[in-house]
Amino acid sequence: MGLKRCLACADAFQTSARVPTQNYCSRPECQRERRKLWQREKRHADGDYRANQLQCQRRWRESHTDYWQQYRAEHPGYVERNRRQQQVRNAMRQPGLIAKMDAIPQVSPLASGTYHLTPAEKGEIAKMDAWIVKITLLSGT
Ligand SMILES: [Zn+2]
């Protein structure tokens, strides 16, 4: 037991009989600092430790290479949204876009006519019979 100064916060603290070599007080942030420095020290000193860490990261990447590929395949809405956002970003980069906006003619999004109505679920087209519906546009130009 003895009085020491914490290496992180410089406050005096009482070392315990159990850990007489203690250099940090028991504050969580000082303990965090201690662990951080220990890890940094370890990475520098211990080549195996460093190699092991790198290997772990590499292994994770290798086992997850198809993660995004699979994600995109299972979330067509995500891909489509990304594609559209990219188109908007590309368009925004064009100079004089704001001025051109007014010149874009107002086009009706839907024309009157006969349509297949297919129920969709979670971005995927459900395996159900499609309805044939007739849509008549009541207003618009
Ligand atoms: Zn401290």
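I looked up Cys9 first: its relative accessible area is 28%, so I logged Cys9 as partly exposed. The model is predicted.

Cys9 (SG) coordinates the zinc ion along with Cys6 (SG), Cys25 (SG) and Cys30 (SG), at 2.3 to 2.4 Å. I read the spacing of these donor residues in sequence as C-x2-C-x15-C-x4-C. The angles among the 4 donor atoms run from 105 to 114 degrees, and the site is tetrahedral.

I then turned to Ala10. Its phi is near 65 degrees, a positive value in a residue other than glycine. Ala10 is in the loop between β1 (2–5) and β2 (12–15), and is partly exposed at 41%.

For salt bridges I noted a count of 4. One of them joins Arg27 and Asp11, with the closest N and O atoms 2.8 Å apart. Arg27 sits in the loop between β2 and α1 (28–45) and Asp11 in the loop between β1 and β2, so this pair ties together parts 16 residues apart in sequence. Arg27 is partly exposed at 35% relative accessibility, and Asp11 is partly exposed at 35%.

In helix α4 (residues 76–93) I looked at Arg84 and Glu80, which are 4 residues apart, about one turn of the helix. I noted that salt bridges with shared partners join Glu80, Arg83 and Arg84 into one network. The Arg84 and Glu80 side chains meet at 3.3 Å, N to O.

Methods
Residues numbered from 1 in each chain as written. Predicted model: local features only at pLDDT ≥ 70, side-chain atom pairs only at ≥ 80, totals over all residues. Heavy atoms only, no water. Donors = N, O, S within 2.8 Å, 3.2 Å for Na, K, Ca; no water. Tetrahedral: all angles 85-135°; square planar, octahedral: opposite > 155°, others 65-115°. Buried < 20%, exposed > 50% of the residue type's maximum accessible area, 1.4 Å probe, protein only. Helix = DSSP H or I, 4+ residues; strand = E, 2+ residues; numbered from the N terminus.
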